[in-house]
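Student: I would like to learn how to read a few features of a structure. Could we go through them one at a time?

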Amino acid sequence: MSPLPDRRPKKLSLGPLEREILQILWDFNCATVKEIHERILTDPDRELAYTSVTTVLNRLEKKGWVKSEKRGRAFYWTPLVSCQEAKVLHSHDRLNNFLAISNPDIVAAFADSLDAGSVEQIEAIASRLRAVRQQREEEK
């Protein structure tokens, strides 16, 4: 079972342009504003100022998603969280939000309305969770 990543951004919420730029960084692994800007402008219907990319990268850094490093005259941006880790964090956050606003009857009613494939997934998750908890207990 994939545990939650050790590194967690200060703020999980991302806007559409933040997500797009983060995806580009995941593709490159490390990039300059110029490289990111050029990638976005490969879409002929797209217009975006170079300074807007810089602004978004600075916001992503404040949120804890990326870091910057100055090399010569350019800043290089690197993601601090992998794409897979981001998916785990967002899924965990959504599940916690759902459970926080729901009482057991609402969760049960929701689960009862799922199709057979979804119910099988929930049962597989519950089975895996029991196995992980049992293994933890045996290791103690």
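Predicted model: local features only at pLDDT ≥ 70, side-chain atom pairs only at ≥ 80, totals over all residues.

Tutor: Residues are numbered from 1 along each chain as its sequence is written, and side-chain values use heavy atoms, with hydrogens and water left out.

Student: At what angle do helix H1 and helix H2 pack?

Tutor: Helices (H or I, at least four residues) and strands (E, at least two) are DSSP runs, numbered from the N terminus. Axes are lines fitted to C-alpha atoms, for helices over the stretch in contact, and angles run from 0 to 180 degrees between N-to-C directions. Here H1 (residues 16–28) and H2 (residues 33–40) pack at about 110 degrees, their axes being 10 Å apart. H1 is therefore roughly perpendicular to H2, a label for angles of 65 to 115 degrees.

Student: Which residues of H1 and H2 make the contact?

Tutor: Contact means heavy atoms within 4.5 Å. H1 supplies Glu 20, Ile 21, Ile 24, Leu 25, Asp 27 and Phe 28, and H2 supplies Glu 35, Ile 36, Arg 39 and Ile 40. By class, the contact of H1 with H2 has six nonpolar residues, no polar ones and four charged. Ala, Val, Leu, Ile, Met, Phe, Trp, Tyr, Cys and Pro count as nonpolar, Asp, Glu, Lys and Arg as charged, and the others, Gly among them, as polar.

Student: How many disulfides does a search of the whole structure find?

Tutor: A disulfide is a pair of cysteine sulfur atoms within 2.5 Å. The search finds zero. For Cys 30, the closest cysteine sulfur is in Cys 83, 17 Å away, so the distance is too far for a bond.

Student: Are Cys 30 and Cys 83 buried, partly exposed or exposed?

Tutor: Buried means under 20% relative accessible area, exposed over 50%, and partly exposed in between (1.4 Å probe, protein chains only). Cys 30 is partly exposed at 23%, and Cys 83 is partly exposed at 25%.

Student: Is Thr 32 buried or exposed?

Tutor: Thr 32 is buried, because its relative accessible area is 10%. Thr 32 sits in strand S1 (residues 31–32). Beyond its neighbours within four places in sequence, Thr 32 contacts Ala 74, Phe 75 and Tyr 76.

Student: Is Thr 51 buried or exposed?

Tutor: Thr 51 is exposed, with a relative accessible area of 55%. Thr 51 belongs to helix H3 (residues 50–63). Its C-alpha atom is 8.7 Å from that of Val 33, 18 residues apart along the chain.

Notes
Parallel < 35°, antiparallel > 145°, perpendicular 65-115°, else oblique.
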